[in-house]
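Work through the exercises below with the structure open beside you. Try each task before reading its solution.

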Amino acid sequence: MSKEVVIPWELKYKFVRGMMTTLFKGFMYEIREECGAATALKIHERLNKRDDRIKNMTYTLREVFSIEGNDIETIERWYNIYWELTGIEGTRLEQSKTFGRNRITKCPFKTGYKDISEWCVNFNNIIIKTINPKTILNRVKGMCAGDPYCEFITKIEK
């Protein structure tokens with residue numbers, strides 16, 4: 001009988017989180033290299049929409065953390081949790097019930113190729129539209145696009 005190895009939860013979490021970001025970037029790079037950037041983005045978006053993967057993740061976090069509502073403050077509460085889970089670091093520059101502006105300064109999902117930088121806009125659009133279909137997302141700056149940080153503006157259409 002082998003001795004059971006005890007692994008601290010913190011290490012398990014860091015290992016899984018690291019594998020998740022490495023796997024994501026690896027798949028994006030390989031698809032880009034084999035089929036081109038447009039195909040990599042198309043496959044990424046289809047994967048996120050298949051079986052409502054990202055919608056289900058959004059609903060799960062809302063349910064587990066009792067996040068109610070559909071305004072920008074609700075979206076920002078959701079992102080506080082998501083950022084903590086994934087290791088994203090950022091600052092809220094402006095926030096109201098209908099408008100938000102965020103600056104991301106650390107993102108473990110940052111890709112090394114500018115031509116696939118739109119992946120995060122597609123991904124985040126699924127999240128915000130799940131919470132409120134009238135929300136509009138605009139990425140003003142993007143680390144994946146070569147900027148020193150990401151800046152997102154979210155607003156709810158009237």
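**Exercise 1. The sheet**

How many bridges join E1 to strand E2 (residues 99–106)?

Solution. This is a predicted model.
- Step 1: Look between E1 and E2; six bridges join them. The two strands run antiparallel.
- Step 2: Pick out one bridge. Arg-92 has Asn-102 in E2 as its bridge partner.

**Exercise 2. The largest nonpolar core**

Name the residues that touch the most other members of the largest nonpolar core, and the element that gives the largest share.

Solution. 
- Step 1: The core has 35 residues. Trp-78, Tyr-79, Tyr-82, Ile-104 and Trp-119 touch the most other members.
- Step 2: List the elements that give two or more residues. They are helix H1 (9–35), helix H2 (37–49), helix H3 (53–64), helix H4 (72–86), helix H5 (119–131) and strand E4 (150–156).
- Step 3: H5 gives the largest, with eight residues.
- Step 4: Zoom in on Trp-119. Leaving out residues up to four places away in sequence, Trp-119 touches Phe-24, Met-28, Leu-41, His-44, Phe-109, Thr-111 and Cys-144.

**Exercise 3. Aromatic pairs**

Classify the pair Phe-24 and Trp-119, then the pair Trp-78 and Tyr-79.

Solution. 
- Step 1: Start with the count, which is nine aromatic pairs.
- Step 2: Take Phe-24 and Trp-119. Their centres are 4.6 Å apart, with 55 degrees between the planes. The pair is tilted.
- Step 3: Phe-24 lies in helix H1 and Trp-119 in helix H5, so the pair ties together parts that are 95 residues apart in sequence. Both Phe-24 and Trp-119 are buried.
- Step 4: Take Trp-78 and Tyr-79. The distance is 5.1 Å centre to centre, and the planes make 85 degrees. Planes over 60 degrees apart count as edge-to-face, so this pair is edge-to-face.
- Step 5: Check burial. Trp-78 counts as buried because its relative accessibility is 0%. Tyr-79 is buried too, at 9%.
- Step 6: Collect the cluster. Phe-24, Trp-78, Tyr-79, Tyr-82, Phe-109, Trp-119 and Phe-123 form one aromatic cluster.

**Exercise 4. Cysteines**

Solution. 
- Step 1: Recall the term. A disulfide is a covalent bond between the sulfur atoms of two cysteines.
- Step 2: Apply the cut-off. The two sulfurs must lie within 2.5 Å. The closest cysteine sulfur to that of Cys-144 is in Cys-120, 5.6 Å away, so it is too far for a bond.
- Step 3: State the total. The structure holds zero disulfides.
- Step 4: Check Cys-35. Its nearest cysteine sulfur, that of Cys-144, is 20 Å away.
- Step 5: Contrast the surroundings. Cys-35 is partly exposed, at 46% relative accessibility, whereas Cys-144 is buried, at 6%.

Notes. Residues numbered from 1 in each chain as written. Predicted model: local features only at pLDDT ≥ 70, side-chain atom pairs only at ≥ 80, totals over all residues. Heavy atoms only, no water. Buried < 20%, exposed > 50% of the residue type's maximum accessible area, 1.4 Å probe, protein only. Core = buried A, V, L, I, M, F, W, Y, C linked by side-chain atoms within 4.5 Å. Helix = DSSP H or I, 4+ residues; strand = E, 2+ residues; numbered from the N terminus. Contact = heavy atoms within 4.5 Å. Pairing = 2+ DSSP bridges. Phe/Tyr/Trp six-rings, centres within 6.5 Å; stacked < 30°, edge-to-face > 60°.
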